[in-house]
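Thanks for making time this morning; I would like to take you through one protein model and keep to what can be read from its coordinates. Please have the structure open while I talk.

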Amino acid sequence: MYSDSVKTEYSRLAKGYDSRWSFYVNATIGETLNRLEIKQGERILDLGCGTGVLIQRLLDVAPKSEVIGIDFCAEMLAIAKQKLPESVELKLGSADNLPFSSNYFDIVVSTSAFHFFRDPSQALQEAKRVLKPNGRLVITDWCYDYLTCKVCDFFLRCFNRAHFRTYGVAECQAMMQSEGLQEIAIERYKIDWFWGMMTATAVK
Ligand SMILES: C[S@@+](CC[C@H](N)C(=O)[O-])C[C@H]1O[C@@H](n2cnc3c(N)ncnc32)[C@H](O)[C@@H]1O
C-alpha cells in the first residue's frame with residue numbers, strides 16, 4: 001500500500017528529522033502560528049504532527065490549551081513523546097479516519113503533511129467533522145504554483161514512492177469549497193529561494 005511507503009519513509013527519517021529539517025520546520029511552523037490566532041483554552045488537533053514541534057510551539061503560546069497530535073508513523077510519535085509533557089495526547093492513526101468524536105476541536109491544524117494524504121477529500125471531510133461549528137481549519141503545505149515546487153513534485157513522483165502530490169492555490173480552494181468549508185483564504189509565500197508554501201484557513 002502507498003500509505004505504507006510513507007510510514008516506512010518516516011520511520012527511517014524520524015531520528016534525524018528535527019536536525020535535518022530544522023530551518024524548514026521552524027519557518028513553516030512560524031508562518032502557520034502567525035495565521036492561527038489561538039485563544040487560551042482552545043482544543044487543538046495537529047494532523048500529521050510528526051515529531052511534535054508544532055505542538056511544543058502551540059503550548060508555548062497557549063499553555064492552557066489542550067493540544068492533541070495524530071500521526072500514523074509510530075517512530076515520529078516516539079520522538080514527539082520524548083519532548084512533550086506527558087499530559088499531551090499523541091494518537092497513532094490516519095488523517096482519513098480520525099479517532100475523535102464529531103464537533104470536538106476548536107482548531108484543526110496541519111503542517112507539511114497534506115501532500116502525503118492519499119485521499120485529501122476524505123481527510124478534509126474528517127477534519128471538518130471533528131471541528132466544532134465555527135471551528136477553524138489551518139493547513140500549511142508546499143504550493144504547486146511555484147516553479148521550484150513543481151520541479152520538486154515531479155522528481156519526487158518519479159523517484160519517491162512516499163510522495164503523493166502537491167496542490168496549487170486554486171485546486172486547494174476548490175477542494176475546500178467542495179467539502180463545504182466557509183471563509184476560505186489561502187496565502188502563498190516563500191520561506192527561502194526554494195520552498196514556496198501556502199497556508200489555507202477555513203471555517204466549518
Ligand atoms: C513532513 S512530516 C511533517 C511533520 C510535522 N507536521 C512538521 O511540520 O514537522 C509529514 C508527517 O505526516 C505524517 N503523515 C503522512 N500521511 C499521514 C496520514 N494519512 N495520517 C497521519 N499522518 C500522516 C507522516 O507520518 C509524517 O510524520
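I will start with the sheet, go on to the core, and finish with the aromatic rings.

Before anything else, please keep in mind that this is a predicted model, and that every value I quote is computed from it.

The sheet is open and is built from 7 strands, which follow one another in the order β3-β2-β1-β4-β5-β7-β6, with mixed pairing. At its edges are β3, residues 89-92, and β6, residues 182-190, each of which pairs on one side only. From one strand to the next the twist averages 15°.

Helix α5, residues 120-130, lies across β1, β4 and β5, and runs at about 145° to β5.

Now to the core: which residues touch the most other members of the largest nonpolar core? They are Leu45, Val108, Leu137 and Met176, in a core of 70 residues. Taking Val108 as the example, and leaving aside residues up to four places away in sequence, its contacts include Leu45, Leu47, Ala127, Val130 and Leu137, and also Arg136.

That brings me to the rings, where the count comes to 14 aromatic pairs. In one of them, Tyr10 and Phe116 have ring centres 5.4 Å apart and planes at 85°, so the pair is edge-to-face. Because Tyr10 lies in helix α1, residues 2-20, and Phe116 in the loop between β4 and α5, the pair ties together parts that are 106 residues apart in sequence. Tyr10 is buried at a relative accessible area of 18%, and Phe116 is buried at 14%. A further edge-to-face pair is formed by Phe100 and Phe105, at 5.1 Å centre to centre and 85° between the planes; Phe100 is buried with a relative accessible area of 9%, while Phe105 is buried at 0%.

There is also one aromatic cluster made up of Trp21, Tyr24, Trp142, Trp193, Phe194 and Trp195. Lastly, for those who care about charges over rings, the charged end of Lys7 sits over the ring of Phe72, 5.0 Å from its centre, and that of Arg43 sits over the ring of Tyr104, 3.9 Å from its centre.

Terms used
Residues are numbered from 1 along each chain as its sequence is written. This is a predicted model: local features need pLDDT of at least 70, side-chain atom pairs count only at pLDDT 80 or more; totals for chains, interfaces and linings use all residues. Side-chain values use heavy atoms; hydrogens and water are left out. A nonpolar core is a set of buried Ala, Val, Leu, Ile, Met, Phe, Trp, Tyr and Cys residues joined through side-chain atoms within 4.5 Å. Buried means under 20% relative accessible area, exposed over 50%, partly exposed in between (1.4 Å probe, protein chains only). Contact means heavy atoms within 4.5 Å. Two strands pair if DSSP finds at least two bridges between them. Helices (H or I, at least four residues) and strands (E, at least two) are DSSP runs, numbered from the N terminus. Axes are lines fitted to C-alpha atoms, for helices over the stretch in contact, and angles run from 0 to 180 degrees between N-to-C directions. Rings of Phe, Tyr and Trp (its six-membered ring) pair if their centres lie within 6.5 Å; planes under 30 degrees apart count as stacked, over 60 as edge-to-face and the rest as tilted. A charge sits over a ring if NZ of Lys or CZ of Arg is within 6 Å of the ring centre and within 35 degrees of the ring normal.
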